[in-house]
Amino acid sequence: SYHLPDARPLFSFAARSGVPAGFRPPPRRVVVTGGAGFVGSHLVDRLLEQGVSVIVVDNFFTGRKENVAHHLRNPRFELLRHDVVEPILLEVDRIYHLACPASPVHYKYNPIKTIISFTSGSHRLILLTLKETCSDPIVLFSFCIFGGIGVRSCYDEGKRTAETLTMDYHRGGGVEVRIARIFNTYGPRMCLDDGRVVSNFVAQALRRQPMTVYGDGKQTRSFQYVSDLVAGLMALMESDHIGPFNLGNPGEFTMLELAQVVKETIDPMATIEFKPNTADDPHMRKPDITKAKQLLHWEPKVSLKEGLPLMVKDFRQRISDE
Ligand code: NAD
Ligand code: UDP
């Protein structure tokens, strides 16, 4: 494990010129890039509950204003339409960098932009912390790194490069960083038609369409409810550890088992339809969260059977509004 020094004097709030003795700094200000998206908007909810100020930076590529609309009247909340690949200057204490197309439908739509969002976007945010605009800045990056070279590589390799860049800035540039590797996460506010398996199955079952199982359906994934992920990200940010930490729920399901749980939750008459799979689809994925348990004292609490109905309630409402 790494132990970070306390706030570096060069960047500390009080070290800046003209700050009178006894001055009380304003509430901690936190930037969430991608904060109008699925994970980001849940993180924003929790941060605002804790009394910090939150600035969401989002270009609304896959995010929606509705996800954060309930905060628009909160004086501690600001929403900026901005693309993270462009420069930005903000005075902040913490940056959660979640902005990037996260689902296959979206990241394959413009693979070049996907790579640039990770690499150039991460670079911009690190530069932001190197300016004197931040007090004791810490940047948390979310990654998810798997697989070989294929149509998914713009995502996998983009994230891998960004993680390398982040660690090099940490080692060589003294930037305080935290690195999370996020595993499959589901919950309310996911995009309805983003092609990910939980959102596909739930939307299909609610629309009385067959659930599309790719390949033989025996491949496995581990599904984490979004509140568990948010708790993990916040525990990591405020810890003394850099990571990378795996954040996911180790409970492992085949796609056929997932279809069965969705069927039991939504509609006992729901059917499945087999479709061809892509060649580079990983056969299994299950996070080893030993490190996060030991060092962050974090582990997921919500099982698939508990979390799925919460997502179904939100999807049912949105689908009936269509
Ligand atoms: P999401 O698509 O709901 O959220 C991503 C947000 O980033 C959206 O609001 C989008 O508009 C915004 N965005 C995209 N490109 C941007 C850019 N260039 N500038 C500014 N904003 C931009 O996806 P999510 O599921 O909430 O994912 C959030 C993060 O978590 C991503 O970094 C993703 O890779 C990571 N992650 C998610 C999962 C999962 O299962 N949900 C798994 C692994 C990793
Ligand atoms: N999948 C499926 N039906 C769908 C969408 C996905 O069977 O409608 C499968 C997909 O082939 C993969 C798994 O579900 O094996 C998880 O896919 P997802 O895109 O949700 O996440 P990832 O592959 O990134 O883990």
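## The shell around ligand 2

By class, the shell around ligand 2 holds 5 nonpolar, 5 polar and 4 charged residues. Here Ala, Val, Leu, Ile, Met, Phe, Trp, Tyr, Cys and Pro count as nonpolar, Asp, Glu, Lys and Arg as charged, and the others, Gly among them, as polar. The model is predicted: local features need pLDDT of at least 70, side-chain atom pairs count only at pLDDT 80 or more, and totals for chains, interfaces and linings use all residues. Residues are numbered from 1 along each chain as its sequence is written, while chains are lettered from A and ligands numbered from 1 in the order in which they are written.

Which residues come nearest to ligand 2? Of the 14 around it, they are Arg-196, Val-197, Asn-200, Thr-212 and Tyr-214. A residue is near a molecule or strand if its C-beta atom, placed from the backbone, lies within 6 Å of it. Two elements, α5 (197–206) and β8 (211–214), each give two or more residues to this shell. The largest share, 3 residues, comes from β8. Helices (H or I, at least four residues) and strands (E, at least two) are DSSP runs, numbered from the N terminus.

## The shell around ligand 1

Ligand 1 is surrounded by 29 residues. The closest are Gly-34, Gly-37, Thr-62, Gly-63 and Ala-102. Two or more residues of the shell come from each of α1 (38–49) and α3 (111–130). Helix α1 gives the most, with 3 residues. By class, this shell has 15 nonpolar, 12 polar and 2 charged residues.

Strand β1 (residues 29–33) is largely enclosed by the rest of the structure, because 4 of its 5 residues are buried. A residue is buried if 20 or more other C-beta atoms lie within 10 Å of its own, exposed if 12 or fewer, and partly exposed in between; C-beta atoms are placed from the backbone. From β1 the chain crosses through α1 to β2, and this β-α-β crossover is right-handed. That means that, with the strands pointing away from the viewer, the path from the first strand over the helix to the second runs clockwise.

Strands β1 and β2 (residues 53–58) run parallel, joined by 5 bridges. Two strands pair if DSSP finds at least two bridges between them. Arg-29 stands opposite Ser-53 in β2, and Val-32 has Val-56 as its bridge partner there. Strand β1 also pairs with β4 (residues 94–97), in the parallel sense over 4 bridges. In β4, His-97 is the bridge partner of Thr-33.

Strand β2 is mostly covered, with 5 of its 6 residues buried. It pairs with β3 (residues 77–81) in the parallel sense over 5 bridges. Val-54 stands opposite Phe-77 in β3.

## Gln-219 in its loop

Where is Gln-219 found? It sits in the loop between β8 and β9 (220–222). Gln-219 counts as partly exposed because it has 18 C-beta neighbours inside 10 Å.

Leaving aside residues up to four places away in sequence, Gln-219 touches Thr-254, Met-255, Asp-281, His-283 and Met-284. Contact requires C-beta atoms, placed from the backbone, within 7 Å. Ser-120 is 99 residues from Gln-219 in sequence and 33 Å from it in space, C-alpha to C-alpha.

## Helix α6

Helix α6 (residues 226–237) has 12 residues and should span 16 Å at 1.5 Å a residue. The expected span is 1.5 Å times one less than the number of residues. The end C-alpha atoms of α6 are 17 Å apart, which agrees.

The buried residues of α6 are Val-226, Asp-228, Leu-229, Val-230, Gly-232, Leu-233 and Leu-236. An α-helix has 3.6 residues a turn, so residues three or four places apart point the same way.

Notes
Contact = placed C-beta atoms within 7 Å.
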